[in-house]
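The sequence and the model are shown first, and a description of selected features follows.

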Amino acid sequence: MVRTEKEVPIGDPDPAHVSTSYVERQNLSVRMECRRFTRLTDAFSKKLANLKASVALHYAHYNFARVPRTLRCTPAMAAHVSNHLWTVAELVSVALGVDNVLRESA
């Protein structure tokens with residue numbers, strides 16, 4: 001590699017905070033927490049749809065139901081996307097499209 005160029009596809013980011021380390025950290029988190037991305041594993045997806053569902057569920061749990069020690073709230077709450085900590089039941093009900101089941105049982 002001779003040189004790299006930083007290209008902004010969308011928005012107006014602060015050049016002082018543009019770094020690949022954020023993406024690399026996210027990739028490491030996915031590989032460590034989502035078994036389908038580890039090497040030499042038997043937890044692979046035979047269908048692309050199953051892999052997509054697994055990744056979507058991982059990111060939904062990571063952003064809405066998991067509280068990192070550094071933030072002390074979920075990433076979705078820190079970004080003001082959600083106002084509460086989601087349960088796994090909420091994630092599954094939204095994924096299945098049965099959102100009203102939760103409100104009736106609560």
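Helices in this text are DSSP runs of H or I with at least four residues, and they are numbered from the N terminus. With that naming in place, R72 can be located in the loop between α2 and α3. The structure is a predicted model, and the values below should be read with that in mind.

**Loop residues with positive phi**

R72 has a phi near 65°, which is a positive value in a residue other than glycine. The residue is also exposed, because its relative accessible area is 74%, and the cut-off for that word is over 50%. A second residue of this kind is H80, whose place is in the loop between α3 and α4 and whose phi, near 60°, is again positive in a residue other than glycine. H80 has 72% relative accessibility and therefore counts as exposed. A positive phi is also found in G97, the residue that follows α4, where the value is near 80°.

**The loop between α3 and α4**

The loop that holds H80 is also the place of S82. S82 has a relative accessibility of 12% and so counts as buried, the cut-off being under 20%. A polar atom of the S82 side chain lies 3.1 Å from the backbone oxygen of H84. When residues up to four places away in sequence are left aside, S82 touches F64, A76 and M77.

How many aromatic pairs are counted? The count comes to one. This pair is made by F64 and W86, it is tilted, and it has 4.8 Å from centre to centre and 45° between the planes.

Helix α4 covers residues 88-96, and S93 is found in it. The buried residues of this helix are E90, L91 and S93. For S93 the reason is a relative accessibility of 6%, so the residue counts as buried. Its side chain has a polar atom that lies 2.9 Å from the backbone oxygen of E90.

V92 also lies in helix α4. Is V92 buried or partly exposed? V92 is partly exposed, because its relative accessible area is 36%. Together with V88, L96 and V98, V92 forms a nonpolar patch on the surface, and the accessible area of these residues together is about 340 Å².

**Helix α1 and V30**

Helix α1 runs over residues 21-33 and includes V30. V30 has a relative accessible area of 8% and is therefore buried. Leaving out residues up to four places away in sequence, V30 touches F37, H58 and Y59. By contrast, the C-alpha atoms of V30 and N50 are separated by 16 Å, the two residues being 20 apart along the chain.

**Salt bridges**

A search of the whole structure finds two salt bridges, which are set out in the table.

| Salt bridge | N to O distance |
|---|---|
| E5 with R3 | 2.6 Å |
| E33 with R66 | 3.9 Å |

The pair of E33 and R66 links distant parts of the chain, for E33 is in helix α1 and R66 is in the loop between α2 and α3, 33 residues apart. E33 is partly exposed, because its relative accessible area is 40%, and R66, at 27% relative accessibility, counts as partly exposed as well. In the other salt bridge, that of E5 with R3, E5 counts as exposed because its relative accessibility is 61%, and R3 counts as exposed because its value is 62%.

Key
Residues numbered from 1 in each chain as written. Predicted model: local features only at pLDDT ≥ 70, side-chain atom pairs only at ≥ 80, totals over all residues. Heavy atoms only, no water. Helix = DSSP H or I, 4+ residues; strand = E, 2+ residues; numbered from the N terminus. Buried < 20%, exposed > 50% of the residue type's maximum accessible area, 1.4 Å probe, protein only. Polar contact = N/O pair within 3.5 Å; in protein donor to acceptor, adjacent residues only side chain to side chain. Phe/Tyr/Trp six-rings, centres within 6.5 Å; stacked < 30°, edge-to-face > 60°. Contact = heavy atoms within 4.5 Å. Patch = residues over 30% accessible without salt bridge, like charges linked within 9 Å, V, L, I, M, F, W, Y side chains within 5 Å. Areas by Shrake-Rupley, 256 points an atom, 1.4 Å probe, with all protein chains shown as cover. Salt bridge = Lys/Arg side-chain N within 4 Å of Asp/Glu carboxyl O.
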